[in-house]
Amino acid sequence: TTITGISLRTRLTQILAPMPAPTHDEADRVFVYRGQEVRVREKVRVKSQDPSLMAVGAKLSAVGHAVEGWRFKLGIVMGEEMEGE
């Protein structure tokens, strides 16, 4: 038996289960938001990065590793020792 895609057991568990105590630094602090007092219950961290920049960073990293390998191989062919490697 489901209620809009959620089983009855799952729904009852969500309703009857006690909420876990908040463990963050602003737990149970009161703030004024839009003229009303509000209490902090949960904190959510949102990270957002531009996917285009992430892709460029990954490609540049790959190019850097490739160039490092080419320099090492060229040093072997030229008979030179690379410093720090």
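## Basis of the model

Two strands are taken as paired if DSSP finds at least two bridges between them, and the elements themselves are DSSP runs numbered from the N terminus, with helices being H or I runs of at least four residues and strands being E runs of at least two. The structure is a predicted model, in which local features need pLDDT of at least 70 and side-chain atom pairs count only at pLDDT 80 or more, while totals for chains, interfaces and linings use all residues. Residues are numbered from 1 along each chain as its sequence is written, and side-chain values use heavy atoms, with hydrogens and water left out.

The predictor's confidence in each residue, pLDDT, runs from 0 to 100; its mean over the chain is 77, and 72% of the residues reach 70 or more. Among the elements, strand β1 (residues 2-3) has the lowest mean pLDDT, 48, whereas α2 has the highest, 89.

## Fold and surface

The chain holds two helices and four strands, and their order along the sequence is β-β-α-β-β-α. Of its 85 residues, 2% count as buried, where buried means under 20% relative accessible area, exposed over 50%, and partly exposed in between (1.4 Å probe, protein chains only). The accessible surface of the chain is about 8500 Å², and carbon and sulfur atoms account for 57% of that area; the areas come from the Shrake-Rupley method with a 1.4 Å probe, and for residues only the protein chains shown count as cover.

Strand β3 (residues 30-33) and strand β4 (residues 36-39) run antiparallel and are joined by four bridges. Tyrosine 33 stands opposite glutamine 36 in β4, while valine 30, which belongs to β3, stands opposite arginine 39 in β4. Valine 30 is partly exposed, with a relative accessible area of 41%, and its C-alpha atom is separated by 10.0 Å from that of arginine 41, eleven residues apart along the chain. Valine 38, in strand β4, is also partly exposed, at 32% relative accessible area, and its C-alpha atom is separated by 9.3 Å from that of aspartate 28, ten residues apart along the chain.

Most residues other than glycine have a negative phi. Arginine 34 is exposed, with a relative accessible area of 74%.

Leucine 16 lies in helix α1 (residues 8-16) and is described as exposed because its relative accessible area is 67%. Together with Leu8, Leu12 and Ile15, Leu16 makes a nonpolar surface patch of about 400 Å². Patches are made of residues with over 30% relative accessible area and no salt bridge, with like charges joined within 9 Å and nonpolar side chains (Val, Leu, Ile, Met, Phe, Trp, Tyr) within 5 Å; a salt bridge is a side-chain nitrogen of Lys or Arg within 4 Å of a carboxyl oxygen of Asp or Glu.

Helix α2 (residues 51-78) has 28 residues, which at 1.5 Å a residue should span 40 Å, and its end C-alpha atoms are 40 Å apart, in agreement with that value. The expected span is 1.5 Å times one less than the number of residues in the helix. Just after α2, glycine 79 takes a positive phi of about 80°.
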